[in-house]
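Let's take a walk through a protein together. Have the sequence and the 3D view ready, and we'll begin with an opening in the surface.

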Amino acid sequence: IRIRISDEGPHVKKLGRLLNGMKDGMVLNFTFQNWSYNCQTSRENCIRAIAVHEFGHAIGFTHEQNRADTPGECKLLAQGTAPDVALTPFDPDSVMNYCNRNWNNAGMLSKLDVESVVTLYGAR
């Protein structure tokens with residue numbers, strides 16, 4: 001994964017294997033001077049939460065709120081592509097869920113996030 005560090009909104013250009021070797025395929029922000037000013041007072045927490053979310057995309061995960069079984073109030077936050085396969089039920093605690101009441105789940109994978117990783121990549 002080729003990562004560019006830039007003071008802009010973090011993102012990935014593609015999901016999963018499609019990122020392989022892509023120039024600036026992932027963008028992460030470590031300063032928050034021009035994007036997400038709130039992160040200036042909690043840089044380490046923001047970096048962790050954002051990086052875990054973006055690496056979720058890098059291993060092939062889409063946003064949780066893009067799923068067909070997303071509750072109505074969360075559908076308004078859909079962004080990006082819908083998943084090809086739903087590996088678990090809708091996960092309100094996922095790091096990939098914009099509706100998570102704990103922003104990016106504080107950078108901690110939920111139980112269902114871990115279950116999805118194990119399904120795709122195997123157990124430790």
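Start at the second largest pocket, where 22 residues form the lining and His-53, His-57, His-63, Gln-79 and Tyr-98 lie nearest the centre. (On a 1 Å grid over the protein atoms alone, a pocket is an open set of points where a 1.4 Å probe fits, with protein on both sides within 12 Å along at least five of seven lines; lining residues have an atom within 4 Å of a point.) This is a predicted model, with local features needing pLDDT of at least 70 and side-chain atom pairs pLDDT 80 or more, while totals for chains, interfaces and linings use all residues. Residues are numbered from 1 along each chain as its sequence is written, and side-chain values use heavy atoms, without hydrogens and water.

Who builds that lining? Helix H1 gives the most, four residues. (Helices are DSSP runs of H or I with at least four residues, strands runs of E with at least two, numbered from the N terminus.)

Now follow H1 itself, residues 43-58.

Finally, pick out Ile-50: its contacts (heavy atoms within 4.5 Å) include Leu-28, Phe-32 and Trp-103.

Note on methods. The expected span of a helix is 1.5 Å times one less than its number of residues. Lists of a residue's contacts leave out its neighbours within four places in sequence.
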